[in-house]
Amino acid sequence: MKLLKDILYGVGIVAVNGTTDTMVNAICFDSRKVGLDDVFVAVKGTLVDGHSYIDTALNAGANAIICETMPVNLVNGITYVQVKNGNAALAIMASNFYGTPSKNLKLVGVTGTNGKTTISSLLYQLFKKAGYKVGLLSTIKIMIDDKEIKATHTTPDAITINKSLAEMNNAGVEFCFMEVSSHGIHQKRIEGLVFEGAIFTNLSHDHLDYHKTFAEYRDTKKLLFDGLPKTAWALTNIDDKNGAVMLQNTKAKKQTYALKTYADFRAQILENQFSGQLLKIDDNELWSKLIGDFNAYNMLAIYATAQLLGLEKMEILRLLSELENVDGRFQYYISGKNITAIVDYAHTPDALKNVLNTINTLRTGNEDVITVVGCGGDRDKSKRPVMGHIASEMSTKVVFTSDNPRTESPSEILKEVEAGVEAQNTRKVLTIENREQAIKTACQLAQPKDIILIAGKGHETYQETNGVRIDFDDYKIVKQLLTSLEK
């Protein structure tokens, strides 16, 4: 148990009713998880306001309430603390409760539209190969050295983050690599964390359902860099027009990487093929199993980060050459009939364009590129016609299908995707709402040497419709279908 006043250190407090000398057992922001002598933090979420559940928390045994608005009726013997921002309070309290665990390791945040998962996961992989105990907080999973926990959000809630970091401390973890989403930053989930450094990958059209404008989306990402201490470093992709913006107000040591312009860390693509690519990094040649311009940027960011964290240059180059693809990121399977199926998480216009650019650069021109793609429900609608345009313009054939419809009508989503198809490309397009049937159709259309791209879901092993998730793994399904067609 901890003293309430100790875990409130650094929180923006407006008013207190009761004593902060009370002992609390745990911090909760979900009233269903409250136990005896817990402190309940009433957080105003996008869908639910925690203030509506204060009575539920008290009935479950909470002895302290943290809120932005004081309840009208205060219960005797309960401590109420009014704060400026419930989300920020939750994060700072979680950090204090677990002993500020981010201070006891080197925490690196990775933000941007595309590349976060690849960079953080491959940094984890590289540092493990280098012999260190390493942590990972990613879209796919949380790793506490060798212990794996499935992740549910790009940036977990503040309690999960700090609890995981505390477990990393106990396990002797020296480095932790963390995906930092714009939602996580905006919802103050990273407040109270001490970063050794931060990486900016790129910025393109995404999450405008949440942030409303591109400027707001960009400026939210920038807050990660604005909050870095002067002892930290800030690494940015200077080829991206928003790369310099990230560094404008940071106190951290500014570092840049690029393929096209002058930067502190530079790389050049010498050769690119389906089996990998030959890179030149700081005058040293390196063969990587990861292909495409986007992966050249990812590899360069990893190289720069490893140097900034103290690894020796030649060791980094050796380890980079050993890195394997991350699940659902340009993950490919070649069938017995020489049909190549590629599964990629590309769910933004820029990511889809990058993947199709890579495929079209590598192919001879005699093969068909058959793209299976859709758009998720309850997300930025404005990108749907753009995705439809890119897929139909850059592919030989396209099958539009459901992604995760969530609470939206799959057929309505598909109409919005189809709206982006220009007249000359309509003959290329099929629309099949059932995702498995869409993948099956692509496999049946494919001839030897053709390439099937299944985009949008990548590593995900489920499909979500109206709150119900069913098992669905693009990679497993396409592999099974291609195998069955060979019989």
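Close-up 1. Helices (H or I, at least four residues) and strands (E, at least two) are DSSP runs that are numbered from the N terminus. Val 41 stands opposite Ile 66 in strand 6. Five strands in the order 2-7-6-5-4 form an open sheet, and their pairing is mixed. The edges are taken by strand 2 (13-17) and strand 4 (27-28), each with a single partner strand, so one side of each is left without a neighbour in the sheet.

The model is a prediction in which local features need pLDDT of at least 70 and side-chain atom pairs count only at pLDDT 80 or more, while totals for chains, interfaces and linings use all residues. Residues are numbered from 1 along each chain as its sequence is written, and side-chain values use heavy atoms, with hydrogens and water left out.

Close-up 2. Strand 21 (residues 369-373) and strand 22 (residues 397-400) run parallel and are joined by four bridges, with Val 399 in strand 22 as the bridge partner of Val 372. Together with helix 13 (residues 384-394), strand 21 and strand 22 make a right-handed β-α-β unit; a crossover is right-handed if, with the strands pointing away from the viewer, the path from the first strand over the helix to the second runs clockwise. From strand 22 the chain crosses through helix 14 (residues 410-418) to strand 23, and this β-α-β crossover is right-handed. Strand 22 and strand 23 (residues 429-431) pair in the parallel sense over three bridges, and Thr 431 in strand 23 is the bridge partner of Phe 400.

**Close-up 3. A cluster of aromatic rings.** Ring pairs link Phe 127, Tyr 132, Phe 175 and Phe 177 into a cluster, where rings of Phe, Tyr and Trp (its six-membered ring) pair if their centres lie within 6.5 Å, and planes under 30 degrees apart count as stacked, over 60 as edge-to-face and the rest as tilted. The count comes to seven aromatic pairs. The rings of Phe 127 and Tyr 132 have centres 5.9 Å apart and planes at 45°, so this pair is tilted. For Tyr 132 and Phe 175 the centres are 5.1 Å apart and the planes at 85°, so the pair is edge-to-face. Because Tyr 132 lies in the loop between helix 4 (116-129) and strand 9 (134-137) and Phe 175 in strand 12 (residues 175-179), the pair ties together parts that are 43 residues apart in sequence. Phe 127 is buried at 0% relative accessibility, whereas Tyr 132 is partly exposed at 27%; buried means under 20% relative accessible area, exposed over 50%, and partly exposed in between (1.4 Å probe, protein chains only). Phe 175 is buried, with a relative accessible area of 5%.

**Close-up 4. Two loop residues with positive phi.** Lys 449, a residue other than glycine, has a positive phi near 80° and lies in the loop between helix 15 (435-445) and strand 24 (451-455). Lys 449 is exposed, with a relative accessible area of 57%. Asn 466, which is not a glycine either, has a positive phi of about 50°; its place is in the loop between strand 25 (462-465) and strand 26 (468-471), and at 55% relative accessibility Asn 466 counts as exposed.

Notes
Pairing = 2+ DSSP bridges.
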